[in-house]
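Student: I have just opened this model and would like to learn how its parts get their descriptions. Could we go through it together?

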Amino acid sequence: MTESNEAQQYSFKAETKQLLNILIHSLYKEREVFLRELLSNASDALNRLRFETVTNRDVRDLNAELKIRITADKDARMLTIQDSGIGMTRQEVIDNLGTIAESGARKFIEAAKEKNTDLVNVIGQFGVGFYSVFMVAEWVRVTSRSFKPDAEAVSWYATGEDNYQVGRADMSERGTRIEIKLKEDAVEFAEEYHLKNIIHRHSDYIGFPIYIGDSKDAVNKQTSLWRTSKQDVTEEQYTEFYRQTTLDFEAPLLHIHMSTDAPVQLYALLYISSKAERSMFSLRKDDGLKLYTRNILIDEYNKDLLPEYLRFVQGVVDSEDLPLNVSRETVQASGLMPKLKKVLTNQVMRELETLAKNNAEKYQTFWQEFGVYLKQGIAASPADAESINPLLRFKTNLNPETWSSLAEYVSRMKEGQKEIYYIVGEDPKAVLRSPHLDYFHSQGTEVLLLTDPMDSFMLMGLRKYKDFDLKNVAQADVDTTQKPKGEPEAEKIPDADFHSLVDTFKEVLGERVTDVRASSRLYQSVARLADADPNANPDLQRVYKYLGKDYEIPKKVLELNPAHTILKNLLRLESGSELQTIIIEQIYDSALLVEGLHPDPSSIAARVQQIMEAALRQETG
Ligand code: ADP
Ligand code: MG
């Protein structure tokens, strides 16, 4: 190979070929997104250059304007997009354009493999990257010159088939030029008005000027929306900015636009999306906020600006107070971060409280999507519980369909009630049948239903609200001298009989229970499991069960209802008979089950069948 002709041929990786195939053949209608992808790459390259020049002045064309220029020639079917960004060396060209980066492209292939995905619908929300250019291109030539002063210009050429070529190029200025020979049926992309429309639709908020042709006026707005004063931003602009920066199709649930001067200077534009799950097509690949200083992007996914439990918040933070010669690492070290975090956290929490107050319906959507993060926040940072508490919502035994706040619960408390009661369980319907609630139902006392797995974790940090302790109904001391009104008291089994029944229970259940005894707080239920140790923590037992760590069924006291018909009938059976034994087993298993502590619920089915058979034998003689 001679100096003058050292172009080298490489072949695309298998999955790149696959992607090219899908793009070229199935996404015809959405082809215009190729421009969005190329402009977003140009904008990334410009951002990276600007970041580099903060600490490094040894840069090619140090003072060149940061911009993007598009030129189109309809007759030649040529479209050219050139940026003055960071550029690429020969090796970078091979690494970045020869294989699929971790961009949306890989996810896109996965989605394409799933039969039922409607690709044409999802493509609009997709970051498919550089290769989308082959939807419109007969061939593409990328010419690039890196910012590094000693790097030479390089060119990359491909037709979208198996191979690409890399060679030397003539280009004196820094940046990247992408020349596209448009396919015959894609010549519309050489029309200036068409290009302008596409830019308004997808790329208006790119922070660098985009010029078309020789024009000296940029076509895009290029505003830093977060630095614009609130009065000058419309609702549509907020939504559009969100859509263009996240590719989330739905409008956000909430936006928070703020600027402060003390204790730190900052501009922020934050969003809460309407769904907790990041769409698999999202442009955002991680949690975190974009951190700028004086309009320079220094971190794309900064996780130190908000506490972990607000990690679902997205958006931009820009502070003039961060020193200009920062690197991504020293940002973390600078003492400014905790200050920014405090200001931002307070604002987000305040806005959520306001939302809860002014728009209950929207808040409910928020709670259903993101409540679990806040519960986790209470578990992980109990110090923040006080600020998170007002945002919590619960279903209760008396209001099982609506969401109540702790304040609402307290306002409905009965006279003399000194504690906030809750019950923990697996499922909101099942929990309502828990024997622990017998007494509370009989008194009409309200109880919070905690049936989300995260609730058990939350309880580790939520022991008190205002002056009221939270108390698990299973452990609450209850005053059983106050009998439910109106209902005649059922007659109890005589003491001697009851004692022999207790002995039979103990024989059958053996080591599985620590004791069997009578309870005075059961009405509808036969039995309940209670903790032998008043300091036991049933919430923690459940946490262990969820964590699956060496889970053993905790040993408990089985309390029986001495007035219950089942027990009365059980006494009539022959002592030690098979039926008596399996019914005792079943009473214990059912109690475990409603407790949500049963390790293997399906094992009960076989015994239930035995009981049915026995019952039928009795009935049919
Ligand atoms: P992504 O942008 O998600 O990384 P792309 O397929 O769009 O994936 O681009 C692949 C890579 O090619 C980019 O990460 C970048 O390193 C490089 N690249 C693409 N366009 C440019 C450009 N205009 N200037 C510099 N580098 C670029
Ligand atoms: Mg890209």
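Student: In what sense do strand 4 and strand 7 pair, and over how many bridges?

Tutor: This is a predicted model, and in it strand 4 (residues 137-145) and strand 7 (residues 175-182) run in the antiparallel sense, joined over eight bridges. Two strands pair if there are at least two bridges between them, so eight bridges meet that rule. One example is A137, whose bridge partner in strand 7 is L182.

Student: What makes strand 1 and strand 8 edge strands?

Tutor: Eight strands form an open sheet in the order 1-6-5-4-7-3-2-8, with mixed pairing. Strand 1 (8-11) and strand 8 (210-212) each have a single partner strand, so one side of each is left without a neighbour in the sheet.

Student: Which strands does helix 3 touch where it packs on the sheet?

Tutor: Helix 3 touches strand 1, strand 4, strand 5 (154-158) and strand 6 (163-168).

Student: How do you know that the buried residues of helix 3 line one face?

Tutor: In helix 3 (residues 90-98), V93, I94, L97 and G98 are buried. Seen down the helix axis, these buried residues fall within an arc of 100 degrees, so they line one face of helix 3.

Definitions and conventions
Residues numbered from 1 in each chain as written. Chains lettered and ligands numbered in written order. Predicted model: local features only at pLDDT ≥ 70, side-chain atom pairs only at ≥ 80, totals over all residues. Heavy atoms only, no water. Buried < 20%, exposed > 50% of the residue type's maximum accessible area, 1.4 Å probe, protein only. Helix = DSSP H or I, 4+ residues; strand = E, 2+ residues; numbered from the N terminus. Arc of directions from axis to C-beta. Contact = heavy atoms within 4.5 Å. Axes fitted to C-alpha atoms, helices over the stretch in contact; angles between N-to-C directions.
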